[in-house]
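Please examine the structure shown below.

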Amino acid sequence: MGKRENRNGSTELAKIIYRAIPDWRRDTQDVSRQSFQVERFFLQTFGQCQFPLALYDAQGGLLFSGSSGADFPKRLSPQENAPAGCGFTMAGGCLYFTLQTARRWPQAPRDIAFVAVRIASDGFPMSGVVPAAGALTDSELELLCHLIAGSDLKTAAEQTGASYDTKRKQVQKILQKLGHRSQGDMLRLLSVSLTARLVEELVAHLPADAETALAQGHYGPSLVVTRVNSGSGLEVPVWDIGPRDGAPIVYFHSMLAPVIFHDQLPEALHAHDLRFLMVPRHFMDINEVSNSRARQKHIIDAVASALSYLTSRPFICIGDSAGCSWAVQFACNHPDMVSELHLVATPQSSVGVQPPTLFTDVSSRIKASERVVYSLTRIYNLISRSPVFSRRALGYMYRGSPSDLATLDEAFSQYRLSEWLTLIASGARHSSIDEVVSLQGDWVRGLFDTPAPVTFWHGTQDPICPVEDVRALARRLPGARMRVIDSAGHFLSSQQIDALLFALSAARSNRTG
């Protein structure tokens, strides 16, 4: 009864997600390349910005907002003839800072004319750069915002519904609180200070290798990063862990994060004389390739080119969860490079499973409409950028697996999973789409085409794919082996990495012996 309730709950969750999709504008414009580029630019450029902001076109129309669209006006007119392409404007009783994108971000899509930052009602970020700003009353702060936006005192009085004399006296109180003698000096200083603070935040890009910094914090100094320029011109980052002369293992990571949640991986690899090579595919940016399947093929070929540069030996290929489909595609396209294929926590391979799980129910809906992929990835990325929501959503998804819940607790508390989720959701939406498309492809057929021997590793507590389904798949595949791990869940690689490496090392010793 417990399993039936769990699966029915998953199905209900899938229905809720699917019903939410229309709220995310499932029209043609939403899935067009144009709107995709606007959102992608926003997330890559401003994903880590602490201020509420939005993008507008040349006519002042709202294009995209990082928060709820209701928080920003649908139309906004920037200050005319603003110096240096930036200035302040009022709309709906709120102060906005606008900055033209053409000068600062030449790579921005052509539709984007300027970015707007909302100055919150409590004065933030004013309170961070203006001493004593927090001492102003709401009425005083509102008046100050109108003055900063360029209104004279008479116009500001009319706009706030007060008399000129009342606002003149209020200006004197503001001057006293902020320590200025004249209104002109105060406004010049406030405008310059706010502009400097806002521009500094807006143009502060994430470092190109923010993912490398996170990975090095995870694995320590033993992690070596090599960037190989493939024959196609695509730069491929390869994370190299373990002894350089060890038997090479190529690891295709899961969708959640490009790391294994285990702090002793480097030591374990050295103990077994194994070398881990991994490409963080989430961060391989291919702007010029718009088709998802074409991007996958491009990435796989580039990875093969990079790996052939780093080692001439055939390697063990491991696919973990969503990485299984990538590993199978790689083994099919480059069979001479793969000595054996190991699939860990294999996703469900069909949509005919009864009763349906969350994965199969969502899969059937995705295959019914291609647009669902874009809507689901938007929902997924929005949830991922919120640590509270992402932790709650993952906890619900894995609620039937005690071992997975324990791994998630460690991942959030010790291995910075929230930072990984935010980083991927903010700057790698292409990869989120590619992950979903890859899982929906007929990657299982590739298992029957690759000459490499296949071993399935699966936990009895895996809530994403029942172990019975993987057993059925293993029976269909000639020569396939099946290793079932009791009390392990979907995060089997993190929970049982020592057992996995021991088995790989032992099998290698038997072959060479």
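**Cavities and helix packing**

The structure holds two cavities of 30 Å³ or more. The model is a predicted one, in which local features need pLDDT of at least 70 and side-chain atom pairs count only at pLDDT 80 or more, while totals for chains, interfaces and linings use all residues. Residues are numbered from 1 along each chain as its sequence is written, and side-chain values use heavy atoms, with hydrogens and water left out. A cavity here is a set of points, on a 1 Å grid over the protein atoms alone, where a 1.4 Å probe fits but cannot get out; lining residues have an atom within 4 Å of a point. Grid points are joined across faces, edges and corners, and a volume is the space filled by probe spheres set on the points.

At least two of the lining residues come from each of β8 (247-252) and α11 (292-310); helices (H or I, at least four residues) and strands (E, at least two) are DSSP runs, numbered from the N terminus. By class, the lining of the largest cavity has nine nonpolar residues, no polar ones and one charged. In this classification Ala, Val, Leu, Ile, Met, Phe, Trp, Tyr, Cys and Pro count as nonpolar, Asp, Glu, Lys and Arg as charged, and the others, Gly among them, as polar.

The second largest cavity has a volume of about 30 Å³. Around this cavity lie E340, H342, W457, R481, R483, A503, L504 and A507. β11 (338-344), β13 (481-485) and α22 (497-512) each supply at least two residues of this lining, and α22 gives the most, with three residues. The lining of the second largest cavity divides into four nonpolar, one polar and three charged residues.

The helices come next. Two packed helices are described by the angle between their axes and the distance between the axes. Helix α5 (residues 138-148) packs against helix α6 (residues 153-160) at an angle of about 130°, with their axes 9 Å apart. That makes α5 oblique to α6. Axes are lines fitted to C-alpha atoms, for helices over the stretch in contact, and angles run from 0 to 180 degrees between N-to-C directions; those under 35 degrees count as roughly parallel, over 145 as roughly antiparallel, 65 to 115 as roughly perpendicular and the rest as oblique. E142, L143, H146 and L147 in α5 meet L153, A156, Q159 and T160 in α6, where contact means heavy atoms within 4.5 Å. This contact of α5 with α6 comprises four nonpolar, three polar and one charged residues.

Helix α6 also packs with helix α7 (residues 164-178): their axes come within 9 Å and cross at roughly 110°. α6 and α7 are therefore roughly perpendicular to each other. Here L153, K154, A157 and T160 in α6 meet Y164, K167, R168 and V171 in α7. Four nonpolar, one polar and three charged residues make up the contact of α6 with α7.

A further pair is formed by helix α15 (residues 387-397) and helix α16 (residues 402-413), which pack at an angle of about 165° with their axes 10 Å apart. That makes α15 roughly antiparallel to α16. S390, R391, L394 and G395 in α15 meet L405, L408, D409 and F412 in α16. The contact of α15 with α16 has four nonpolar, two polar and two charged residues.

Conventions: On a 1 Å grid over the protein atoms alone, a cavity is a set of points where a 1.4 Å probe fits but cannot get out, and a pocket is an open set with protein on both sides within 12 Å along at least five of seven lines; lining residues have an atom within 4 Å of a point.
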